[in-house]
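This briefing goes through one predicted protein model, topic by topic. Please look over the sequence and the structure before reading on.

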Amino acid sequence: MFCPKCGSEYKEGFYKCSDCGTDLIDQLPPEPDNEVSYVELVEIYSTYRQSDIAFIKSVLDGEGITYFFEGESSIMLVAGGAYARLLVKAEEADRAKEILRELGFL
Ligand SMILES: [Zn+2]
């Protein structure tokens with residue numbers, strides 16, 4: 001038996017915590033998960049145009065959407081003709097796509 005309040009362990013047959021008077025429980029509830037949960041990101045758009053990146057960022061900021069531009073370094077884009085990939089949280093992907101569609105990006 002455990003006290004849910006102070007965590008003390010008691011033998012079978014005890015029903016109240018002698019320290020705080022709280023009713024004992026069989027099992028302590030699982031520890032709250034304090035670790036930063038892994039966020040799944042999905043790619044919804046890619047562009048090599050800095051102006052598009054800046055614009056999309058300002059719109060997504062305004063919409064409160066969490067996003068990440070992968071490889072947006074201008075040096076990389078110019079040098080390799082590489083694309084910056086727009087990643088958003090999986091649960092916000094549909095909304096982000098909708099916004100980009102309205103803006104004519106998709
Ligand atoms: Zn207690």
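A residue is buried if 20 or more other C-beta atoms lie within 10 Å of its own, exposed if 12 or fewer, and partly exposed in between, with C-beta atoms placed from the backbone. K57 has 14 C-beta neighbours inside 10 Å and therefore counts as partly exposed. Residues are numbered from 1 along each chain as its sequence is written. Because the model is predicted, local features need pLDDT of at least 70 and side-chain atom pairs count only at pLDDT 80 or more, while totals for chains, interfaces and linings use all residues.

**Overall make-up**

- The protein chain has three helices and three strands; helices (H or I, at least four residues) and strands (E, at least two) are DSSP runs, numbered from the N terminus.
- Starting at the N terminus, the order of elements in the protein chain is β-α-β-α-β-α.
- Of the 106 residues in the protein chain, 9% are buried.
- Among contacts in the protein chain with a separation of 6 or more, 49% join residues 24 or more positions apart; two residues are in contact if their C-beta atoms, placed from the backbone, lie within 7 Å.

**Confidence**

- The mean pLDDT of the protein chain is 85, and 83% of the residues score at least 70; pLDDT is the predictor's confidence in each residue, from 0 to 100.
- Within the protein chain, helix α2 (residues 74-80) has the lowest confidence, with a mean of 56, and α3 has the highest, at 97.

**The sheet**

- Strands of a sheet pair through backbone hydrogen bonds, either parallel or antiparallel.
- Here three strands form an open sheet in the order β1-β3-β2, with antiparallel pairing; two strands pair if DSSP finds at least two bridges between them.
- β1 (41-47) and β2 (67-70) are at the edges with a single partner strand each, so one side of each has no neighbour in the sheet.
- From one strand to the next, the twist averages 25°; axes are lines fitted to C-alpha atoms, for helices over the stretch in contact, and angles run from 0 to 180 degrees between N-to-C directions.
- Six bridges link β1 to strand β3 (residues 84-89) in the antiparallel sense; in β3, L87 is the bridge partner of E43 and A84 is that of T47.
- Helix α3 (residues 93-102) packs on the sheet and touches β1, β2 and β3, its direction making about 15° with that of β1.
- β2 and β3 run antiparallel and are joined by four bridges, and E70 stands opposite R85 in β3.

**Helix α1**

- The 14 residues of helix α1 (residues 50-63) should span 20 Å at 1.5 Å a residue, and the end C-alpha atoms are 20 Å apart, which agrees; the expected span is 1.5 Å times one less than the number of residues.
- G64 follows α1 and has a positive phi, near 70°.
- K57 lies in helix α1; K57 and F69 are 12 residues apart in sequence, with their C-alpha atoms 8.7 Å apart in space.

**The nonpolar core**

- A nonpolar core is a set of buried Ala, Val, Leu, Ile, Met, Phe, Trp, Tyr and Cys residues joined through C-beta atoms within 7 Å.
- The largest nonpolar core has eight residues: Y45, I56, L60, L86, L87, V88, A96 and I99.
- At least two residues of this core come from each of α1, β3 and α3, and β3 gives the largest share, three residues.
- Leaving out residues up to four places away in sequence, L87 touches L41, V42, E43, Y67, F68 and E70.
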